[in-house]
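User: Hey, can you walk me through this one? I'd like to look at a helix, a pocket and a strand.

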Amino acid sequence: MIINCAIIDDEPLAAGLLKSYAEKTPFLNLIGTYGSAVEAMKELRNNPAHLLFLDIQMPELSGIEFAKILPKETKIIFTTAFKQYAIEGYKVAALDYLMKPVSYEDFLKAANKALDWFCITQKKQTYAADRFMYVKSDYKLVRVALDDILYVEGLKDYIRIYLQDGQKIMSLMNMKKMEDYLPRPEFLRTHRSYIVHMSRAEAIDRFRIVFGDQYLPISDSYKEDVQQYFDSHTLS
């Protein structure tokens, strides 16, 4: 996978260093280097980047302010010399936060984090569009239609997928990986041990999700997401 990226930094030396890093990273395609967010805003409108290496402290429009008006699909790795901006950076869902002077090791770690995010997102979009995926089970790949899934149960290093026809599929995989790949909010984590296909839930009873004679718990950590889903689908 190749990621189109851009660098926005008003310090020529810092921008030049990041440019040299991007150019020698095989999965990055540098489409531009800009000295301000205002300049970048004009150029990126016609030639958008998927990933921005964005300085925070800049004149006219700061990196934080610029991040707030970007499309949500544009991901950000902030670069700055000031530690106090870290919390603000994470408030706008930055993938990472690099302290200047940036080493290539730290740059590459952040870039790989972005690559992982884009790969997961691409797979999730594929699963959602094609409505099926393959999982490894008993030394073979088993096709699983998303519409057939009732819920997924986590069992230490394994997961068990429960299907509408009563079939159960075991796979060596952790719950986080499955959660990352299944499309939200159609599938929601309701408990550390359960991911539920929300449109297949038969009822909610005393904050437990009902599938026939199965009652799946909803833990406090996931209660808000589950409540929002049911609220948006409740006729009142």
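**A helix, a pocket and a strand**

User: Let's start with H5. How many residues does helix H5 have, and how far does it reach?
Analyst: Helix H5 covers residues 104–130, so to speak its 27 residues reach 38 Å from first C-alpha to last. That is close to the 39 Å expected at 1.5 Å a residue. Keep in mind that this is a predicted model.

User: Which residues of H5 are buried?
Analyst: Phe107, Ala110, Ala111, Ala114, Leu115, Phe118 and Tyr127 are the buried ones in H5.

User: And what comes just after H5?
Analyst: Arg131 sits there, with a positive phi of about 70°.

User: OK, new topic. What volume does the largest pocket have?
Analyst: The largest pocket has about 450 Å³. Its lining is made up of 20 residues, and those nearest the centre are Ala49, His50, Pro71, Glu73 and Thr74.

User: Which helices supply at least two residues of that lining?
Analyst: H2 (37–44) and H5 each do. H5 gives the largest share, with five residues.

User: How many of the lining residues are nonpolar, polar or charged?
Analyst: The lining of the largest pocket has 12 nonpolar, five polar and three charged residues.

User: Now His191. Where is it found?
Analyst: His191 is in strand E11, which runs over residues 187–191.

User: Is His191 buried or exposed, and why?
Analyst: His191 counts as buried because its relative accessible area is 18%, and buried means under 20%.

User: Which residues does His191 touch?
Analyst: Leaving out residues up to four places away in sequence, His191 touches Pro217, Ser219 and Tyr222.

How values were computed. Residues are numbered from 1 along each chain as its sequence is written. This is a predicted model: local features need pLDDT of at least 70, side-chain atom pairs count only at pLDDT 80 or more; totals for chains, interfaces and linings use all residues. Side-chain values use heavy atoms; hydrogens and water are left out. Helices (H or I, at least four residues) and strands (E, at least two) are DSSP runs, numbered from the N terminus. The expected span of a helix is 1.5 Å times one less than its number of residues. Buried means under 20% relative accessible area, exposed over 50%, partly exposed in between (1.4 Å probe, protein chains only). On a 1 Å grid over the protein atoms alone, a cavity is a set of points where a 1.4 Å probe fits but cannot get out, and a pocket is an open set with protein on both sides within 12 Å along at least five of seven lines; lining residues have an atom within 4 Å of a point. Grid points are joined across faces, edges and corners, and a volume is the space filled by probe spheres set on the points. Ala, Val, Leu, Ile, Met, Phe, Trp, Tyr, Cys and Pro count as nonpolar, Asp, Glu, Lys and Arg as charged, and the others, Gly among them, as polar. Contact means heavy atoms within 4.5 Å.
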